[in-house]
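Biologist: I would like to learn how to read a few features of a model. Please take them one at a time.

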Amino acid sequence: MASSEPGNFQRWRLLTFALLSSAFVLAFFHRVAPTVLSTHLAESLQASAVALGSIAAMYFHVYAAMQIPAGIIADRLGARVTVSLSAAIGGLGSLVFAMAPDVLWASVGRFIIGFGVSFAFVGTLRAAGAWYRPEQYALVSGWVILIGNVGAILASSPLAWALQVLDWRTLFVLIGVFSIALSLAILVFVRNTPGARGFISRDQPVAVPVAGAVRVALRSCLRQREIWFCFLTGFALVGPFFGFAGIWALPLLVQKAGLTEAEAADCLALSLLLLAFSPAFIGWYSDRVGRRRWIVLSCMAVSTLIWLIFWIWDDFGFWSACLLLASGGI
């Protein structure tokens with residue numbers, strides 16, 4: 001019998017998004033983890049700087065390529081199966097990465113991780129469309145991004161502290177086991193819609209895209225100038241920042257700024273913390289003033305200045321490094 005009890009509904013909805021968002025936390029963790037692992041990977045795998053960059057990049061290559069397919073799969077299978085598969089495949093990749101004897105297998109592990117976690121964000125947003133009212137969707141999306149960034153924060157100072165207790169291989173075995181356990185929990189507890197859980201539902205039927213419709217939709221998107229502006233902005237701002245934060249930030253701060261690994265990880269954690277919380281304020285401000293382009297252009301100008309400072313300035317010290325990385329995160 002369908003139930004409309006608000007308290008029970010809210011508890012199930014909270015559990016649903018706690019589990020789904022946890023998969024997205026893992027996605028962000030894996031995105032940034034190589035920067036803290038760089039020294040350990042170099043020693044354990046006898047990896048050069050180029051090899052370390054290749055290992056880290058494997059995640060980004062497949063993650064980017066899978067975003068449109070991930071959306072199609074989420075529409076076809078629903079959030080429950082999609083995000084469960086995401087956590088399971090990501091967990092398998094973590095185990096392969098943890099047991100890698102050389103650079104090749106470490107890259108294979110990162111590839112599997114990137115493929116798996118690429119479904120988490122899109123699948124979670126797919127569920128948000130069913131479990132929340134349309135006027136709540138943007139707010140929920142912001143919270144999902146905020147929660148996901150917790151994973152990036154965990155991959156900075158907390159990961160550095162954990163590596164003082166456990167070796168990196170043991171740590172990633174534990175992460176892999178946790179991911180697989182999360183996958184099973186999602187299958188057991190998550191439902192695609194409130195109606196599937198037994199609540200009175202206003203679920204709207206979703207048209208499952210066919211191949212021809214997908215091609216038409218993609219062509220329509222590619223003809224919009226605003227889409228290309230957003231793409232190039234993300235390419236210029238987000239890509240370099242995560243590439244830097246994901247592998248090169250910690251070695252650069254240690255070698256060029258003379259920081260300890262713990263200090264460098266603290267600077268990175270601050271940057272990622274501000275990256276997590278700033279969008280909420282910037283989004284609110286852009287809604288308030290009703291203008292967005294000048295905000296984006298200002299962010300690009302500041303980003304360019306930060307990269308120039310990193311390139312030119314040596315021995316900038318702990319507080320200057322924190323300020324530069326914090327500005328980059330914002």
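Biologist: What is the mean pLDDT of the chain?

Modeller: This is a predicted model, and the mean pLDDT of its chain is 84, with 92% of the residues at 70 or more. Over residues 1-5 the pLDDT stays under 50.

Biologist: What should helix α9 span, and how far apart are its end C-alpha atoms?

Modeller: Count 1.5 Å a residue: the 22 residues of α9 (residues 168-189) should span 32 Å, and the end C-alpha atoms lie 31 Å apart, which agrees.

Biologist: Which residue caps the N-terminal end of α9?

Modeller: Asp-167 does, through a side-chain oxygen 3.0 Å from the backbone nitrogen of Arg-169.

Biologist: How many aromatic pairs are there?

Modeller: Ring pairs are judged by the distance between centres, with a limit of 6.5 Å, and by the angle between planes. The count here is 16. Phe-97 and Trp-168 are a tilted pair, because their centres are 5.2 Å apart and their planes at 55°. This pair joins helix α4 (residues 67-98) to helix α9 across 71 residues. Phe-97 also pairs with Phe-172, edge-to-face, at 5.1 Å and 70°.

Biologist: Is Phe-97 buried or exposed?

Modeller: Buried means under 20% relative accessible area. Phe-97 has 2%, so it is buried. Trp-168, at 5%, is buried, and Phe-172, at 2%, counts as buried too.

Conventions:
Residues numbered from 1 in each chain as written. Predicted model: local features only at pLDDT ≥ 70, side-chain atom pairs only at ≥ 80, totals over all residues. Heavy atoms only, no water. Helix = DSSP H or I, 4+ residues; strand = E, 2+ residues; numbered from the N terminus. Expected span 1.5 Å × (residues − 1). Polar contact = N/O pair within 3.5 Å; in protein donor to acceptor, adjacent residues only side chain to side chain. pLDDT = per-residue confidence, 0-100. Contact = heavy atoms within 4.5 Å. Phe/Tyr/Trp six-rings, centres within 6.5 Å; stacked < 30°, edge-to-face > 60°. Buried < 20%, exposed > 50% of the residue type's maximum accessible area, 1.4 Å probe, protein only.
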